[in-house]
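Please read the sequence and the model below side by side.

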Amino acid sequence: MPRPIQSIQRAAQVMHLLSGRARRLSLVELSAQMGLPKGTVFGILRTLQQVGFVEKDPDSAKYQLGAALLHLGSTYLDGNELRSRALNWADSLAARSNETVRIGTLHDGRVLVVHHVFRPDDSYQVLQVGSLLPLHATALGKALLAASPYVLSELDGEELTRFTARTITDVKQLTVALKEVKRRGWAADIGELVDGEGSVAAPITDRSERTVGSIAISGPIERLCESELPRSDLVAYVRESARAISRDLGAIPW
Amino acid sequence: MTGAYVASIDQGSASSRCMLFDRRGRLVSVAQKEHRQLFPRPGWVEQDAEEILGNVLQVVPDALEKAELKLADLVALGIANQRETTVVWDRDSGRPIYNAISWQDTRTDKIVNRLAAEGGKDRFRAKTGLPLTTYFSGPKIQWILDHVEGARDGAERGTVLFGTMDTWLIWKLTGRHVTDVTNASRTMLMDLRSLDWDDELLEAMKVPRAMLPEIHASSEPYGEAGAPLRGLPVAAALGDQQAALFGQTCFAAGEAKCTYGTGSFLLLNTGDRLVESTHGLLTTVGCRIAGEPPTYALEGSIAVTGALVQWLRDKLGLISSAAEIETLARTVEDSGGVYVVPAFSGLFAPHWRSDARGVIAGLTGYTTKGHLARAVLEATAWQTREVIDAMNSDAGTVLRVLKADGGMTADNLMMQLLADNLGVPVVRPIVAETVSLGAAYAAGLAVGFWPNVESLRANWHKAAEWLPRLDPETRERRFRKWKKAVARTLEWVDDDDE
């Protein structure tokens with residue numbers, strides 16, 4: 001049997017300690033409990049931080065388990081499951097807003113469309129379930145990205161594809177925009193993927209308050225916006241349906 | 001008229017729901033309450049009609065409250081109900097003399113077999129459109145009258161009354177003893193042509209005419225409700241599947257819908273033509289709007305569709321939720337030559353073979369659980385295909401598009417397989433709650449909230465559409481294999497089976 005890799009054993013020990021009662025531990029506490037020099041523990045923590053398994057709380061400077069861990073293991077929500085739970089709410093959003101409705105999940109650095117309700121005007125439309133959209137240029141993607149700092153950190157240093165003159169291609173600028181998304185609880189894309197087209201999205205969360213998907217309406221900017229901003233009635237419809245789906249998934253009602 | 005909403009009651013086998021719809025047919029509010037199902041003996045299924053009435057009287061105000069509406073905001077109430085379930089009550093006390101006997105209850109098998117022995121299972125088919133089975137109300141009434149003391153005397157004097165759930169609710173709400181043509185068509189007591197109770201049938205089932213409700217149109221103001229829904233016009237009643245046909249706006253001959261749930265119900269509007277099936281389908285009334293002639297329908301039900309997915313989940317444990325079957329089935333390109341025929345308790349329409357049992361055919365060492373999952377979804381598509389072929393052949397029509405609704409339509413792969421295996425587009429409407437919507441439409445029409453059925457068509461919108469992608473040669477080759485798999489289910493049950 002090959003020898004176990006010591007650094008992985010130590011990393012696992014750090015994660016075990018952080019999942020213990022204390023939840024948050026400082027570098028000093030961790031190195032004391034592990035009986036290792038601070039420098040060694042710091043190296044482990046920095047690597048775990050980079051892959052998203054550990055986060056540093058900016059206020060206390062203590063370490064805690066990272067959001068990326070939640071994406072592993074049994075909490076994974078099947079996209080087909082999400083569609084079946086969201087079906088009635090997505091229909092009702094399309095009927096109220098008179099616009100196309102889509103539900104997306106994170107998939108390999110892009111948005112995977114798992115559900116699509118046609119705009120209720122009986123025009124010719126093609127089902128887009130299964131298609132992939134860019135994270136940074138869609139409301140669906142931004143709503144997901146705002147809840148996934150690890151995925152965002154992976155974009156760092158990368159060239160974000162430009163689709164229109166309005167596409168945000170600078171990661172710093174995107175980070176600022178996402179802070180605003182997180183603060184107000186919804187995201188918008190106004191002509192950032194396709195000229196003249198826009199969308200408004202809100203995150204769908206599960207019982208552990210983890211964002212498992214996002215729901216959006218999309219359509220021409222003239223219908224969606226008033227003086228360059230998404231119409232507040234449409235934003236309210238989108239947020240209400242996201243809340244209703246989240247409630248059905250067992251999220252704490254708010 | 002000041003109100004802007006129509007209420008509908010979907011009085012189902014397990015629960016009663018109230019839904020409110022606006023003028024554009026959009027769902028505004030839902031409230032639901034489940035009732036107990038009673039199983040006093042194997043094969044017996046009963047419900048408490050008074051409990052159901054109490055639930056109905058509660059879900060209407062609940063739905064109003066959720067949408068912050070008042071009773072005065074409603075223009076009418078429509079009822080869609082579980083079909084065939086039989087209530088018999090005392091006119092003076094207003095109380096049932098026996099629990100409601102559910103459509104699923106099989107206690108009438110002896111009565112039915114006796115009737116069949118005197119002229120075959122299809123002896124009433126020409127008149128009623130139905131074969132002799134335990135589902136229908138007539139024999140259930142006979143059973144109650146034979147088993148409750150004094151019931152038959154009361155029934156003959158007209159102090160003991162019969163009704164399906166629509167009738168029971170309307171009687172309690174408005175005081176009128178009426179039913180609609182669609183519900184009456186499931187009693188096995190009504191002549192489909194005259195739309196009246198038929199003496200020969202009444203005599204055969206030993207049901208006194210005096211206990212029966214008046215048969216009315218499905219969309220017609222029956223009367224105003226008393227407290228606690230005081231003043232609300234009760235203006236529609238339809239059996240649930242007929243309500244779904246109406247809610248899908250299948251108003252013209254040749255239009256069909258299929259509701260996919262645990263089992264599935266396919267109804268084809270045949271217009272003013274009463275089509276007698278030679279393939280074991282049921283002939284039934286689709287709807288009658290007051291002042292207009294009735295529209296007829298052919299009905300084919302598939303016993304095991306969603307139930308097969310549940311079997312994969314609960315009995316085989318291959319998936320942990322019904323929706324996961326799509327994920328599993330998408331791990332493969334096709335079913336790998338595997339066919340699952342879920343003849344769990346025999347084959348129903350169009351085969352009608354009680355000696356059949358389920359098979360999984362075409363297994364090889366190459367088969368994975370993905371293939372099995374895909375074959376399970378395809379089984380629903382192939383069974384639909386068989387019923388549609390039977391309908392096309394009986395009615396002499398060709399179905400051009402299938403309108404699908406029900407919970408299983410969330411499964412996009414199944415919808416695609418349906419389009420592929422039928423060779424016609426499959427569309428899902430934006431309001432999946434077609435049963436409730438149909439009852440609301442019929443009630444709204446009756447009080448002039450909507451001017452005509454054409455205005456309802458304008459409310460129907462496609463939420464999704466799946467186009468056939470399979471080339472016809474492959475489709476027919478696979479269908480041939482499906483038929484071979486079906487042939488392998490036959491003659492499985494032996495007389496001396498343990």
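This is a predicted model: local features need pLDDT of at least 70, side-chain atom pairs count only at pLDDT 80 or more; totals for chains, interfaces and linings use all residues.

Residues are numbered from 1 along each chain as its sequence is written, chains are lettered from A and ligands numbered from 1 in the order in which they are written, and side-chain values use heavy atoms, with hydrogens and water left out.

An open sheet of 6 strands in chain A has the order 5-4-3-8-7-6 and antiparallel pairing, two strands being paired if DSSP finds at least two bridges between them. Strand 5 (132–134) and strand 6 (187–190) of chain A stand at the edges with a single partner strand each, so one side of each is left without a neighbour in the sheet. On average, and with direction ignored, neighbouring strands of this sheet are turned by 30 degrees against each other. Within the sheet, strand 3 (residues 100–107) and strand 4 (residues 110–117) of chain A are joined in the antiparallel sense over 7 bridges, and G104(A) stands opposite V113(A) of strand 4 of chain A.

Two helices of chain A pack on this sheet, and here contact means heavy atoms within 4.5 Å, while axes are lines fitted to C-alpha atoms, for helices over the stretch in contact, with angles running from 0 to 180 degrees between N-to-C directions. Helix 4 (residues 79–97) of chain A touches strand 3, strand 4, strand 7 (197–205) and strand 8 (211–220) of chain A, and its direction makes about 60 degrees with that of strand 4 of chain A. Helix 9 (residues 232–248) of chain A touches strand 3, strand 7 and strand 8 of chain A, its direction making about 30 degrees with that of strand 7 of chain A. A salt bridge, defined as a side-chain nitrogen of Lys or Arg within 4 Å of a carboxyl oxygen of Asp or Glu, is formed by E240(A) and R96(A), whose closest N and O atoms are 3.1 Å apart. This pair links distant parts of the chain, since E240(A) is in helix 9 of chain A and R96(A) in helix 4 of chain A, 144 residues apart.

Chain B also holds an open sheet of 6 strands, with the order 3-2-1-5-14-13 and mixed pairing. Strand 3 (27–34) and strand 13 (219–224) of chain B are at the edges, each with a single partner strand, so one side of each is left without a neighbour in the sheet. From one strand to the next the twist averages 25 degrees. Strand 1 (residues 5–11) and strand 2 (residues 15–22) of chain B run antiparallel and are joined by 7 bridges, with V6(B) opposite F21(B) in strand 2 of chain B. Helix 1 (residues 49–66) of chain B packs on the sheet by touching strand 1, strand 2, strand 3 and strand 5 (74–81) of chain B, its direction making about 150 degrees with that of strand 3 of chain B.

Several backbone details lie in loops. The peptide bond from A227(B) to P228(B) is cis, with omega near 5 degrees, and P228(B) lies in the loop between strand 13 and strand 14 of chain B. Another cis peptide bond joins A349(B) and P350(B), with omega about 0 degrees, and P350(B) is in the loop between strand 19 (339–341) and strand 20 (359–361) of chain B. D355(B) is found in the loop between strand 19 and strand 20 of chain B, and a polar atom of the side chain of D355(B) lies 3.1 Å from the backbone nitrogen of E491(B).

Finally, where do the chains meet? The contact takes 23 residues from chain B and 21 residues from chain A. Across the interface of chain B and chain A there are 2 salt bridges by the rule given above, and D91(A) forms a salt bridge with R428(B), with 2.9 Å between the closest N and O atoms. Helix 11 (324–329), strand 22 (426–429) and strand 23 (462–466) of chain B each supply at least two residues of the side of chain B that touches chain A, and the largest share, 5 residues, comes from strand 23 of chain B.

Notes. Helices (H or I, at least four residues) and strands (E, at least two) are DSSP runs, numbered from the N terminus. A polar contact is a pair of N or O atoms within 3.5 Å; within protein, one must be able to donate a hydrogen and the other to accept it, and residues adjacent in sequence count only if both atoms are side-chain atoms.
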